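Colleague: I have a structure open and want to learn how to read it. Can you take me through it one feature at a time?

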Amino acid sequence: MAPVPKESSAAARFCCDCLQRHTARLYMAADYILYGADHSLFTGKVRAYMRYKGLNWEERPASRDVYLDIILPNIGAPIIPILETSDGQYVQDTTDIIDFLEDRHPDVSVYPETPLQRLVALLLELYGDEWLMIPAMHYRWSVLDQQHDFVMSEFGRLSVPEASIEEQIAIGERVSKPFSAMLPNLGITEDTIPGIELTYLALLDQLDQHFAQFDFLLGSRPSIGDYGLMGPLYAHLGRDPVPKALMQKRAPNVYAWVERMNGPLPLSGQFLAHDVIPDTLLPILKTMCSDQLPDVLDVIEHNSAWLQETPGGNIPRFLGQHQFTTGPVTGKRFISSYAQWLFQRAWLHYQSLDGDARVAADTLLNSIGGRSALNVTIHHWLERRAGQLELVEGQSPHF
Ligand SMILES: N[C@@H](CCC(=O)N[C@@H](CS)C(=O)NCC(=O)O)C(=O)O
């Protein structure tokens with residue numbers, strides 16, 4: 001199905017061993033169950049990761065019954081994907097799921113060890129998860145008239161798999177309402193759509209050039225940055241009929257990367273030697289710094305102000321609206337408190353660097369316009385708490 005990434009002979013031998021281990025496991029129960037959906041942005045991120053890690057797992061659709069019997073009682077909120085372990089643990093949030101699995105299966109990590117590649121991977125995870133959701137949601141819902149039955153039947157099939165296609169479409173129309181209703185909150189309006197499309201088309205062109213030369217963002221091994229981009233670029237932009245056709249026509253190398261991400265050779269590949277950041281990633285990082293980072297810095301200020309007023313409280317997921325920029329246009333979108341939590345990962349890594357690594361990171365950040373954002377003072381450090389989606393204040397890290 002998918003083109004196979006180029007392989008070194010050492011990696012090929014390693015994968016023979018994996019294959020044997022994998023075959024032996026076919027006779028065992030799964031170690032992990034991922035509850036999600038084919039059309040879910042965040043399920044696509046974890047699915048690709050679990051395939052790459054060659055884990056013993058299975059995916060189950062998050063049907064209405066799964067929401068009622070498993071997700072709500074164990075997570076406390078209707079959200080996917082969810083990981084269940086064979087010893088009865090539940091993990092929610094794709095970043096936490098990946099980190100939980102990396103801890104248990106550290107071989108061939110998706111986190112580069114070298115300072116610049118790790119920084120870039122963390123920044124691009126943030127970009128994919130929190131910002132590229134904007135074009136993803138636009139190209140699903142603003143062009144719904146051209147892909148209505150496909151999208152609705154996906155939602156309906158997930159909810160009630162046994163229903164007829166007509167029933168699924170009707171049910172899909174009902175259960176998908178909370179998602180389509182998010183468009184104005186995400187900043188997708190008539191005024192911003194031209195900017196969203198322009199920026200997305202530029203991203204496709206830039207990624208297409210990159211993937212003409214490299215299998216993944218940082219070489220022949222996927223990183224956490226690839227998984228961040230995979231969410232929006234698969235379930236919506238690489239799978240819904242309208243944006244999929246656009247991607248296939250305009251950016252065939254990006255489409256080939258989506259297929260590679262979905263059909264990887266487990267545990268194969270290497271990050272580029274000498275901590276090299278390909279030049280082809282620089283325009284993408286520049287756009288991320290100019291469009292997304294001002295939004296994140298403003299989120300941090302709002303979280304901080306909220307915590308000053310409500311010490312020890314659960315920060316609401318959304319704190320009103322603020323102005324945002326995408327390419328040449330500005331609009332209003334919600335203030336998503338979660339963005340700080342994901343940004344903190346890149347911030348913490350950058351702040352831990354010293355000596356030559358810090359100088360190299362500063363040179364890179366200067367060239368993409370991200371240095372001042374990574375030097376922001378975070379007065380209130382945020383943490384996730386099990387059983388709720390709202391963030392809370394945690395202990396600031398010490399250096
Ligand atoms: N940050 C979360 C986001 C998960 C998410 O937004 N999932 C969507 C489906 S793709 C959902 O269930 N949303 C419901 C909600 O956010 O309340 C993650 O990484 O897992």
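Modeller: We will go through domains, strands, a helix, the backbone, the ligand and some loop residues.

Modeller: One point comes before that. This is a predicted model.

Colleague: Then begin with the domains. Into which domains is the chain divided?

Modeller: There are three entries in the assignment. Domain 1 covers 13-104, domain 2 covers 115-140 + 189-393, and domain 3 covers 142-180.

Colleague: How many residues of domain 1 are in contact with domain 3?

Modeller: Seven residues of domain 1 are in contact with five residues of domain 3. On the domain 1 side, three are nonpolar, two polar and two charged.

Colleague: Now the strands. What is the order of strands in the open sheet?

Modeller: The order is β2-β1-β3-β4, and the pairing is mixed. β2 (57-61) and β4 (90-92) are the edge strands, since each pairs on one side only. Neighbouring strands in this sheet are turned by 25° against each other on average, direction ignored.

Colleague: In which sense do β1 and β3 pair?

Modeller: Strand β1 (residues 32-36) pairs with β3 in the antiparallel sense, over four bridges. To find your place, look at Tyr 35, which stands opposite Ile 82 in β3.

Colleague: And what do β5 and β6 form?

Modeller: They form a hairpin, with two residues between them. Strand β5 spans residues 318-326 and strand β6 spans residues 329-336. They pair in the antiparallel sense over seven bridges. Follow the facing residues: Phe 318 stands opposite Ser 336, and Gln 321 stands opposite Phe 334. In the turn, Gly 327 has a positive phi of about 55°.

Colleague: What should I know about side chains in a strand?

Modeller: In a regular strand, side chains alternate between the two faces of the sheet.

Colleague: Next, a helix. How do I read one?

Modeller: An α-helix has 3.6 residues a turn, so residues three or four places apart point the same way. Now take helix α14, residues 252-262.

Colleague: Which residues of α14 are buried?

Modeller: They are Val 254, Tyr 255, Trp 257, Val 258, Arg 260 and Met 261. Note that Arg 260 is on that list.

Colleague: Against which helices do the buried residues pack?

Modeller: The buried residues of α14 pack against α2 (41-52), α11 (193-213), α12 (224-236) and α13 (241-250).

Colleague: On to the backbone. What is the general rule there?

Modeller: Most residues other than glycine have a negative phi, and most peptide bonds are trans. Now look at the cases here that depart from that.

Colleague: Where is the cis peptide bond?

Modeller: It joins Ile 80 and Pro 81, with omega about 0°. Pro 81 lies in the loop between α3 (64-75) and β3 (82-85).

Colleague: Why does Val 108 count as partly exposed?

Modeller: Count the C-beta neighbours. Val 108 has 19 inside 10 Å, so it counts as partly exposed; a buried residue needs 20 or more. Leu 267 has 17 inside 10 Å, so Leu 267 is partly exposed too.

Colleague: Now the ligand. Which residues are around it?

Modeller: They are Ser 40, Leu 41, Phe 42, Ile 79, Ile 80, Asp 93, Thr 94 and Thr 95. Both α2 and α4 give two or more residues to this shell. By class, the shell has four nonpolar, three polar and one charged residues. Ile 80 is one of the shell residues, and Ile 80 is also joined to Pro 81 by the cis bond.

Colleague: Last, loop residues. What does Trp 381 contact beyond its sequence neighbours?

Modeller: Leaving aside neighbours within four places, Trp 381 is in contact with Gln 344, Glu 393, Gly 394, Gln 395, Ser 396 and Pro 397. Trp 381 sits in the loop between α18 (371-374) and β7 (382-383). Trp 381 has 15 other C-beta atoms within 10 Å, so it is partly exposed.

Colleague: And where is Pro 316?

Modeller: Pro 316 is in the loop between α15 and β5. Pro 316 touches Ser 337 and Glu 390, not counting residues up to four places away in sequence.

Methods
Residues numbered from 1 in each chain as written. Predicted model: local features only at pLDDT ≥ 70, side-chain atom pairs only at ≥ 80, totals over all residues. Buried ≥ 20, exposed ≤ 12 C-beta atoms within 10 Å, placed from the backbone. Contact = placed C-beta atoms within 7 Å. Near = placed C-beta within 6 Å. Nonpolar A, V, L, I, M, F, W, Y, C, P; charged D, E, K, R; others polar. Pairing = 2+ DSSP bridges. Axes fitted to C-alpha atoms, helices over the stretch in contact; angles between N-to-C directions. Domains from an automatic or database assignment.
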